[in-house]
Amino acid sequence: MYSFGNLSHDVDCREVAFLLNPAHPRYQYAHLDGLCRQLNYELHELGHTERILCSPEHFSELTNSVSTVAGAIGDNIADEVVQTPAKLDELAAAYRNHREERGGFLGELLLLGRQDLIDFPILPAKRWFRVLPTFLFGG
């Protein structure tokens with residue numbers, strides 16, 4: 001896919017390819033790979049600064065996109081990540097409802113007893129497929 005240049009800073013060619021053909025494993029993989037990297041970046045300071053690095057709105061967009069790709073993967077989704085979209089949706093909802101005056105977001109999750117929303121990993125895209133798309137093997 002070609003870059004869309006100056007149309008928008010938010011346009012991602014991998015996302016566009018996925019939206020044009022969500023059933024195509026190559027596009028599923030490419031879009032999911034970008035989403036997983038972005039989510040890992042946004043979450044990497046949660047344990048240190050008690051915050052997610054992006055806005056609640058952007059985080060919700062990311063988690064909604066993950067859910068969409070996971071739905072497109074369908075039965076080919078690996079057992080180890082099948083709960084990840086639901087956990088991300090719960091985390092996004094908690095983040096949207098968080099108020100800074102209550103302290104750090106991590107502390108609030110712990111106070112609510114939601115360690116489960118902190119401890120699950122965002123695995124790389126190649127771990128999301130029961131059967132990896134053939135292009136990953138040079139096919």
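**Chain overview**

I first looked up burial, and of the 139 residues of the protein chain, 36% count as buried (under 20% relative accessible area, with exposed over 50% and partly exposed in between, for a 1.4 Å probe and protein chains only). This is a predicted model, in which local features need pLDDT of at least 70 and side-chain atom pairs count only at pLDDT 80 or more, while totals for chains, interfaces and linings use all residues. Residues are numbered from 1 along each chain as its sequence is written, and side-chain values use heavy atoms, with hydrogens and water left out.

For the accessible surface I found about 8300 Å², of which 53% belongs to carbon and sulfur atoms (Shrake-Rupley method with a 1.4 Å probe; for residues, only the protein chains shown count as cover).

I then listed the elements, and the protein chain has seven helices and zero strands (DSSP runs, H or I of at least four residues for helices and E of at least two for strands, numbered from the N terminus). Among contacts (heavy atoms within 4.5 Å) with a separation of 6 or more, 64% come from residues 24 or more positions apart.

**Helix α5**

In α5, I noted Thr84, Pro85, Leu88, Leu91, Ala92, Ala94 and Tyr95 as buried, and their cover includes α2 (25-43), α4 (56-73), α6 (105-111) and α7 (116-119).

**Cysteines**

I looked for disulfides (pairs of cysteine sulfur atoms within 2.5 Å) and the structure holds zero. Cysteine 36 is buried at a relative accessible area of 3%, and cysteine 54 is buried at 9%.
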